[in-house]
Amino acid sequence: MSAIRSVDLGRIYDSRGRPTVEARVVADSGARGTAGAPSGESTGRHEVQAFPDGGVPVALDRFRELVRPRLVGAALDLGGVDALLHDIDGSPRFERIGGNVATAVSVAVALTVADERQCPLVDVLRRPGVEPDRYPAIVGNCMNGGRHAIGGPDIQEFIAFSPAPRPEDAIRAALAVHAEIGSALHARYPKAALGRGDEGGWVAPIPNVEALELLATACAAVRDRLGVPVHPGVDVAASELYRDGRYRYREQTLDDAGQLGFLTDLTDRFGLRYIEDPFDEEAFGPTAELTRAIGGRAMVVGDDLYTTDVDRVRRGIAARSTNAVLIKVNQVGTVTDAARAVDEARSHGLATVTSHRSGELPEGWLAHAAVGFGSAGLKCGLLGGERVAKLNELLRLGGATGAPR
Ligand code: PGA
Ligand code: ZN
């Protein structure tokens, strides 16, 4: 195994135009890897801190003073580097060096290992027992609301969920739903200038239930036309609506029982197959009630509930809160930490969904993570170069383009 010859960190910008960091690693052997870290907006309370107080400039200083001197000369070993990052930081939440710095370095090291072994990244990330030729469903954002879209509905994401086994079918179907919704919105609001939100979904001044109606109709039309399975889903991002024990929608205010009834009803009415963060990020119990009610027909997914943290995943398993776990590497800081959450979920029969952030970069490594982690879903948005980069990488992995992996 070779050693790390150099590691650098620089400021780049994410899809929202906000600064983040990119790491470049070179090994003794000449193998190299470059990766950037994305950023969330509706972040969970238990995520690691993306940057130290003072932001990117302080992160760059700390990197030069604390991180680089310890990494140069260290073995090119992903688990070893990730442990070293924790050791250098010394805080439970990467407050000193920044979780985004850890993420960029960790992914860049994984890419360097792949370069050294002359194999695709997916082979470095593959968890034990994951079959090589299984591909995730596409969890594609078609309409944006909440904090990702000013002027939209208050449910954060309206999703086309396509479990077609071949990536090219799933992607084609999800993109077709996005287009179908665009046409339907233009017909419905002929005078309004429709925008797109942070994740490339449409933004329209449409109430939640009507948005779901439109989504379900679009999915049915695409299913009929293409003969590919594609179903409606939502990311409620309910913590963003939760204040003083109530879920505060524009049109209604609900307590736990009300929220349970509302979401169960929506699932029945519109055939939802995917519901993320249906309750507040601390609500392990109420989320379990929803999973009891609809978990047989829909994926109930914890994002802010778990923040990719293995201890919180364990809590969710004990409480039977969900049947799936969202995986975001930079919620927890390193690839190794994320893999721990994946292994815990998998060993208890929970599905995982590997996910982008709302502020992204035009990089494709997330597709390798989704396949290598054996995830049931890849959540990466549908439109915008930073989203399409992941879809196209999944197509390459699936062999659709004939490009070498
Ligand atoms: P974030 O949101 O990347 O802004 O945190 C995405 C999500 O809630 O899934
Ligand atoms: Zn979410």
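What spacing do the donors of the zinc ion (ligand 2) follow along the chain?

Analyst: The donors follow the spacing D-x40-E-x26-D. This is a predicted model, in which local features need pLDDT of at least 70, side-chain atom pairs count only at pLDDT 80 or more, and totals for chains, interfaces and linings use all residues. Residues are numbered from 1 along each chain as its sequence is written, chains are lettered from A and ligands numbered from 1 in the order in which they are written, and side-chain values use heavy atoms, with hydrogens and water left out.

Start at the metal. The protein donors of the zinc ion (ligand 2) are Asp235 (OD), Glu276 (OE) and Asp303 (OD), lying 2.1 to 2.2 Å from it. Donors here are N, O and S atoms within 2.8 Å of the metal (3.2 Å for Na, K and Ca); water is not among the atoms, so sites may look incomplete.

Asp235 lies in strand E8 (residues 231-235), and Asp303 in the loop between strand E13 (299-302) and helix H9 (310-319), so the pair ties together parts that are 68 residues apart in sequence. Helices (H or I, at least four residues) and strands (E, at least two) are DSSP runs, numbered from the N terminus. Asp235 counts as buried at 1% relative accessibility. Asp303 is buried too, with a relative accessible area of 3%. Buried means under 20% relative accessible area, exposed over 50%, and partly exposed in between (1.4 Å probe, protein chains only).

E5 and E8 pair in the antiparallel sense over five bridges. Two strands pair if DSSP finds at least two bridges between them. Six of the six residues of strand E5 (residues 157-162) are buried, so this strand is largely enclosed by the rest of the structure. Glu157, Ile159 and Phe161 point one way from E5, while Phe158, Ala160 and Ser162 point the other way. In a regular strand the side chains alternate between the two faces of the sheet.

E5 has another partner. Six bridges join E4 to E5, and the two run antiparallel. Asn141 stands opposite Ile159 in E5. Strands of a sheet pair through backbone hydrogen bonds, either parallel or antiparallel.

Asn144 also belongs to strand E4 (residues 137-144). Its relative accessible area is 0%, so Asn144 is buried. Leaving out residues up to four places away in sequence, Asn144 touches residues including Ala149, Gln156, Asp198, Gly201 and Trp202. Contact means heavy atoms within 4.5 Å. A polar atom of the Asn144 side chain lies 3.3 Å from the backbone nitrogen of Asp198. For the backbone nitrogen of Gly201, the distance to a polar atom of that side chain is 3.5 Å. A polar contact is a pair of N or O atoms within 3.5 Å; within protein, one must be able to donate a hydrogen and the other to accept it, and residues adjacent in sequence count only if both atoms are side-chain atoms. By contrast, the C-alpha atoms of Asn144 and Glu116 are separated by 40 Å, though the two are 28 residues apart along the chain.

Then the nonpolar packing. The largest nonpolar core has 124 residues; Leu85, Val105, Val109, Met143, Val177, Ile181 and Leu185 touch the most other members. Its largest share, ten residues, comes from helix H3 (residues 99-117). A nonpolar core is a set of buried Ala, Val, Leu, Ile, Met, Phe, Trp, Tyr and Cys residues joined through side-chain atoms within 4.5 Å. A second, separate core of ten residues includes Tyr274, Met299, Ala324 and Leu326. Ile181 touches Cys142, Met143, Trp202, Leu214, Leu215 and Ala218, not counting residues up to four places away in sequence. In soluble globular proteins, nonpolar side chains tend to be buried together.

Finally, the whole chain. The protein chain has 13 helices and 16 strands. Of its 405 residues, 60% count as buried. Residues 24 or more positions apart account for 69% of the contacts with a separation of 6 or more. The C-alpha atoms fill a box of roughly 60 × 50 × 45 Å, taken along the principal axes. A compact globule with 405 residues would have a radius of gyration near 22 Å; the protein chain has 20 Å, which agrees. That radius is taken over C-alpha atoms, and the globule rule is 2.2 Å times the number of residues to the power 0.38.
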